Structure formats: C-alpha cells, structure tokens
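Have the viewer open as you read.

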Amino acid sequence: ELQIEGYKVAQNRSLAEVVRRCPQSIEALRGCWGFGGSGVRVEKYGAMFLEALRPHVAELCAVHAAAREEYEAKARAAEGGEDDGAAVALEKVHNVKVLCVAEAAATRVAGRMPERPCDLTAGAEEKAYEALIAATHARAEETGEGYVWNIAMMRSLCEMVRRVPTTTDELRRCWGLGGKGLRVHRHGEFLLHALAPHVPALLAGAAADSDDEDDDEVDDEDRPLCERRVVRGCATSKVKVEPATPAVALVASAKAQREYCDEDDDEDDDEDRPL
C-alpha cells in the first residue's frame with residue numbers, strides 16, 4: 001500500500017514484542033522495542049498496529065496467563081513442594097491451551113481468505129500456489145526486480161488461488177493488489193496468465209468442497225441442511241452458523257425433501273425430523 005519495505009514500518013523484533021506485551025494504547029506501544037525513540041513509527045503507524053492487534057488481545061492475554069501459571073507450577077513441582085497444587089495448575093493450563101486452539105480454529109470459517117500456504121487446501125490450491133511462486137520468481141529475474149514480493153506477496157498469492165480471479169478488476173479485490181493498483185498495472189496480466197491453467201481445477205475443487213460439507217464440519221449433521229456452511233482449508237470444531245442465502249436455502253430445502261421421501265417408512269424417529 002505504501003510502496004516501502006516492510007521493515008521500515010516495523011521490524012520482526014518489534015512485532016514479536018507487541019504480541020508479548022499486548023499494548024492497548026499508544027503510550028503502551030512506545031514501551032515496545034523499536035517504537036520508542038523519536039516516536040516517528042508510533043505517530044505514523046501506531047493506531048494501525050493497535051487496531052490490527054485488538055481482535056487478538058483476549059486470546060493472547062489468556063495464553064500469557066496460562067504460561068505464567070505453567071511456569072510457576074513447574075517451579076513448585078521441581079522444588080518438591082505443593083505437588084497436588086502443581087498438578088491442578090498444569091491441568092488448568094492445558095485446558096486453557098485447548099480452548100485457545102479451538103477458538104482460533106473456529107474463527108477460520110467459510111469466507112475467511114487464506115493468509116499463509118498452510119491455510120490452503122491440499123491439491124488444486126497448493127499446486128496453483130506453487131505455480132504462482134515459481135512464476136513470480138521468473139518474473140523478477142526477467143524484469144530485474146530485486147525483491148520478488150514487489151511483484152506479489154505470499155498472502156496475495158494465497159488469496160488469488162482462493163478467489164480465482166480472471167480479470168484485473170477481480171484481481172484488485174485480492175489482498176495487496178488493490179490500493180493505487182501499481183502491482184496490478186505492472187504485473188496483473190502476468191499473474192492472471194500464470195493462474196489461468198489452474199482455474200478449472202480450482203473451480204472444480206471449490207465445487208467438490210461444497211458437496212462434501214457434511215463430512216468436513218464437526219457437529220454439522222446436527223443442524224438443518226439449509227444452515228450448514230463449508231469450511232475450507234482447515235479442520236474445525238464448532239463454527240458460528242450464519243443464515244444461508246435464499247438460493248442456497250432453496251436448493252438445500254429441495255435436497256432435504258428428496259432425502260426425506262427416500263427414507264424407510266418404518267424408521268421410529270421419522271416424525272421428529274424437520275421436513
């Protein structure tokens with residue numbers, strides 16, 4: 001967006017300290033490494049970092065509190081002191097970690113764009129991503145570009161294989177390819193050409209994921225068919241249910257009606273199922 005190197009906005013050490021300290025104000029952010037001094041970074045980007053961190057603060061605080069309890073419990077156990085209390089504390093820490101992992105997985109619902117290669121589904125998406133990576137490196141050598149991420153960043157390529165753009169207007173909707181449109185202007189046609197051979201497989205994979213939604217989502221069979229949603233790229237537990245669109249609800253209702261008519265008449269709990 002700013003057309004500058006990422007480390008000029010914030011260095012890795014700064015970001016690592018931000019997620020450890022969890023600052024919620026500009027003054028607290030100044031206490032993190034790399035954000036003090038003259039305060040230029042805080043003035044330019046401080047509000048942006050606080051806004052980006054805010055959705056994760058609660059989970060981070062829970063993880064930090066659990067880590068402190070685990071450390072204290074292990075210290076007590078090493079000293080041969082309160083063994084029972086240490087065991088209870090360790091069990092509590094384990095439960096907190098499990099809960100945090102489950103909540104993190106639950107946020108990755110349908111409609112959430114992938115940010116890293118590990119968010120992509122195996123098969124067509126991974127192959128398309130690898131092809132785009134190779135293409136951007138070849139493009140960098142061809143144009144003499146010193147940094148391959150100036151053509152397209154990793155997250156942009158991940159979102160491309162999920163959105164499957166076929167026009168420059170659709171490409172601009174992908175993360176990192178909007179804004180002033182410099183990347184799309186310079187490399188848009190090239191990126192679309194590199195993605196084109198994989199478009200049929202990507203679309204077929206998306207359709208297959210929609211057909212397999214009953215198998216991919218835990219507890220999905222407990223909800224009416226018209227309320228079910230597809231979760232791609234990850235295994236998840238309980239996910240937030242949102243109303244289906246009218247078209248999806250109509251198709252799902254018709255499918256449910258056909259399934260109902262095909263059921264055996266001697267099923268005991270047939271009257272308990274919705275039409």
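Let's begin with Arg155, which is partly exposed at a relative accessible area of 28%. Partly exposed sits in between buried (under 20% relative accessible area) and exposed (over 50%), with a 1.4 Å probe and protein chains only. Keep in mind that this is a predicted model, where local features need pLDDT of at least 70 and side-chain atom pairs count only at pLDDT 80 or more, while totals for chains, interfaces and linings use all residues. Residues are numbered from 1 along each chain as its sequence is written, and side-chain values use heavy atoms, with hydrogens and water left out.

**Salt bridges**

Side chains of opposite charge can pair when their charged atoms come close. The cut-off here is a side-chain nitrogen of Lys or Arg within 4 Å of a carboxyl oxygen of Asp or Glu. The structure holds eight salt bridges, including these:

| Pair | Closest N and O atoms |
|---|---|
| Glu115 and Arg155 | 3.8 Å |
| Glu159 and Arg163 | 2.8 Å |
| Arg54 and Glu51 | 2.4 Å |

Arg155 pairs with Glu115. Glu115 lies in the loop between helix H5 (83-106) and H6, and Arg155 in helix H7, so the pair ties together parts that are 40 residues apart in sequence. Helices are DSSP runs of H or I with at least four residues, numbered from the N terminus. Glu115 is partly exposed too, at 24%. Both residues belong to a network of salt bridges that also links Arg116 and Asp119.

Also in helix H7, Glu159 and Arg163 are four residues apart, which puts about one helical turn between them. Glu159 is buried at 4% relative accessible area, whereas Arg163 is partly exposed at 39%. As for Arg54, its relative accessibility of 47% makes it partly exposed.

**Helix H6**

Does the length of H6 agree or disagree with what its residue count predicts? Helix H6 (residues 124-143) has 20 residues and should span 28 Å at 1.5 Å a residue; its end C-alpha atoms are 28 Å apart, so the two agree. The expected span is 1.5 Å times one less than the number of residues.

The buried residues of H6 are Glu125, Ala128, Tyr129, Leu132, Ala135, Thr136, Arg139 and Ala140. Looking down the axis of H6, they fall within an arc of 140°, so they line one face of the helix; the arc is taken from the directions from the helix axis to the C-beta atoms. Turned away from that buried side are the exposed Lys127, Glu130, Glu141 and Glu142. Just after H6, Gly144 has a positive phi of about 75°.

**Core and patch**

A nonpolar core is a set of buried Ala, Val, Leu, Ile, Met, Phe, Trp, Tyr and Cys residues joined through side-chain atoms within 4.5 Å. The largest one has 22 residues, and Leu132, Leu157, Met160, Val161, Leu171 and Leu195 touch the most other members. H6, H7, helix H9 (182-195) and helix H10 (199-211) each give two or more residues to this core. H9 supplies the largest share, six residues.

Trp149 sits in the loop between H6 and helix H7 (154-163) and is partly exposed at 42%. Together with Tyr147, Met153 and Trp175, Trp149 makes a nonpolar surface patch of about 390 Å². Such patches take residues with over 30% relative accessible area and no salt bridge, joining nonpolar side chains (Val, Leu, Ile, Met, Phe, Trp, Tyr) within 5 Å and like charges within 9 Å; areas come from the Shrake-Rupley method with a 1.4 Å probe.
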